[in-house]
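I opened this entry to look up the overall build of the chain first and then the surroundings of a single residue.

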Amino acid sequence: QVQLKESGGDLVQPGGSLRLSCRALAFTFSNYHMSWYRQGPGKDRELVASITSSGDTTNYADSVKGRFTISRDNVKKMVYLQMNSLKPEDTAVYYCYAAPNIRGSPLYWGQGTQVTVSS
């Protein structure tokens, strides 16, 4: 059963911007740390950005620092990834990931949304 639904992927020119959204469905969103991962063509899946369950701490991969911003809205059960100054190497399928802050709770992956950066 799908518990995370991503949206916002698109084809964009280098230097452009996109905002990805991820909606949590039937679990207690505020008990989960949220992350965005990506997997480019022929590459391993990598962590892009993460945010704690309260939203007070964020972390970024070095490759996206200063260009991407992760945020969340615990009322709407949404997590976002604002991506600016996009580069061709940002082309990937972007996945939303939920990790519980309560031991024993399940973790969740979304199905992914395609981002293509090309002129």
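I took accessible areas from the Shrake-Rupley method with a 1.4 Å probe, and for residues only the protein chains shown count as cover. On that basis the protein chain exposes about 6300 Å², of which carbon and sulfur atoms supply 46%.

I kept in mind that this is a predicted model, in which local features need pLDDT of at least 70 and side-chain atom pairs count only at pLDDT 80 or more, while totals for chains, interfaces and linings use all residues. Residues are numbered from 1 along each chain as its sequence is written, and side-chain values use heavy atoms, with hydrogens and water left out.

For secondary structure I counted 0 helices and 11 strands in the protein chain (DSSP runs numbered from the N terminus: H or I of at least four residues for helices, E of at least two for strands).

I noted that the C-alpha trace spans about 45 × 30 × 25 Å along its principal axes. Of the 119 residues, 42% count as buried, a term that stands for under 20% relative accessible area, against over 50% for exposed and partly exposed in between (1.4 Å probe, protein chains only).

I then turned to Ala-98, which lies in strand β9, residues 92–100, and found this residue buried, with a relative accessible area of 0%. Leaving aside neighbours within four places in sequence, Ala-98 is in contact with Leu-4, Phe-27, Tyr-32, His-33, Met-34, Leu-107 and Tyr-108, contact meaning heavy atoms within 4.5 Å. The C-alpha atoms of Ala-98 and Leu-4 are separated by 8.3 Å, although the two residues are 94 residues apart along the chain.
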